[in-house]
Amino acid sequence: MKLSARLVGLGALAALLATACAPQTSGNTSSDKDEKTGTLRVWLFQEVGNAPKEKVVDSVVADFEKAHEGTEVDVEYIPIDTRAQRVKAAFNDPASAPDVMEYGNTDTAGYVKDGGLLDVTEEFGDWGEAKDTDPTAKQSVTVDGKVYGAPFYVGVRALYYRTDVFKELGLSVPRTMAELASTAREIRAAKPELYGLVVGGAYTYGAMPFVWANGGELASGEGGSYASGIDSPQARKGIKAYTSLFGDDNCPAAKCAGMGGNDTISAFAAGKAGMAIGGDFSHTAVEAGKVKGKYAVAPLPGVKPGSIAPAFAGGNNIGVLKSTSHRTLAVDLMRRLASKKTQTELFDAMGFLPTFTDVRQQVAREEPFVKPFVQTLSAGTRFVPASPAWAQIDSQLVLPTMFQEVISGKKDVAQASEDAAKKMNTAFGSAG
């Protein structure tokens, strides 16, 4: 086995695994080779507390190498924050590209447009386990009716809160976004060594529930034609609600404006915050921190009492690169990484919610911490525009820049959202 765990930094989100029989070869790769031996390169995302993920992946790799004599798998864990540059370079230089990679479900349309992902529609359809895939998860690997990977996990965010702090201060779990803000400030006032609700100016998917809960949208349109909605009155109300949380009375801008999602979870896990917005995939990192046994999770509240704020339907997929010279082997490894067995083990190891409906129901019965995330999924989730432009909007940090401009006082909400909308519309227009 050749596992080079080159841990190049921190990221977020997840990986993949499992069992399956080898698919038949079909010819839509950019390589004219389908070698049955040799080394397969795999890129997976580096998580906060990555060791449990590595252990699951190591097991999948060992089984794969045993099943395919003469093969080795070289796994590299890469930071999600720099994935855009790494993947672009891989698409432009097949010699440096992996055979199999984990990618965020928001990147699918862009990667397909760039010609980087292999069409595995036939193999996915022939895979017996695929019939139990959550329809939304399958949608995340589908572009124009063709399948370009296998869903690995689904992720939604909810509210982590310190039960010991809430008990000491006599606080109740917030039932509205207004209560969330006031509770955060009450914690900060009573315990100035803590952030009330730790937030991040670079935490796009922690911020978006505030926009959606206030009736805003990222964009409107369909069939690949979109227009930004981030400058609508409703969206601006949500932007104001989120950015108002950056201040000395909750989360000082000097420290919090540059934080991403992993930073906020790390702060909460280290006992530096009363509350945080984190995913089901954050559970392992929090459990490994100082707050173990002193926290609980509830759905993030919406605007109206008792409502749940719409969450981003996040998650990751596993795909095969079109440039692979090991097509049959790569597709088999993809299915093993994304299998029911692997997803179950990854849930146990990392808390990643499975993409198979039957497996998800099983783990929800066994693990109480899953309940608020399943409730959030049931309340209705949102996704990004199904446009290749989203990868550009994401990599250009359009939304984090907008939030940070407001937080810093460089621009007001109206100007920052107007400028962000212009950038988004330029990207949508260039995508065709």
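I count a disulfide as a pair of cysteine sulfur atoms within 2.5 Å. I am working on a predicted model.

**Entry 1: the disulfide**

I looked for disulfides and found one in the structure. It joins C251 to C256, with S to S at 2.0 Å. That falls within the 2.5 Å cut-off. I then checked the handedness. The torsion about the S-S bond of C251 and C256 is about -85°, so I noted the disulfide as left-handed.

Are C251 and C256 buried or exposed? I take under 20% relative accessible area as buried. C251 comes out at 0%, so it is buried. C256 also has a relative accessible area of 0% and is buried.

I turned to the largest nonpolar core, which holds 135 residues. Which members touch the most others? I listed M101, L197, I230, Y242, M275 and L399. Helix α19, residues 413–431, gives the most to this core, with eight residues.

**Entry 2: E65**

I looked up E65 and found it in helix α1, residues 51–67. Its relative accessibility is 12%, so E65 counts as buried. What does the side chain of E65 reach? I found the backbone nitrogen of V73, at 2.8 Å.

Definitions and conventions:
Residues numbered from 1 in each chain as written. Predicted model: local features only at pLDDT ≥ 70, side-chain atom pairs only at ≥ 80, totals over all residues. Heavy atoms only, no water. Buried < 20%, exposed > 50% of the residue type's maximum accessible area, 1.4 Å probe, protein only. Helix = DSSP H or I, 4+ residues; strand = E, 2+ residues; numbered from the N terminus. Polar contact = N/O pair within 3.5 Å; in protein donor to acceptor, adjacent residues only side chain to side chain. Core = buried A, V, L, I, M, F, W, Y, C linked by side-chain atoms within 4.5 Å.
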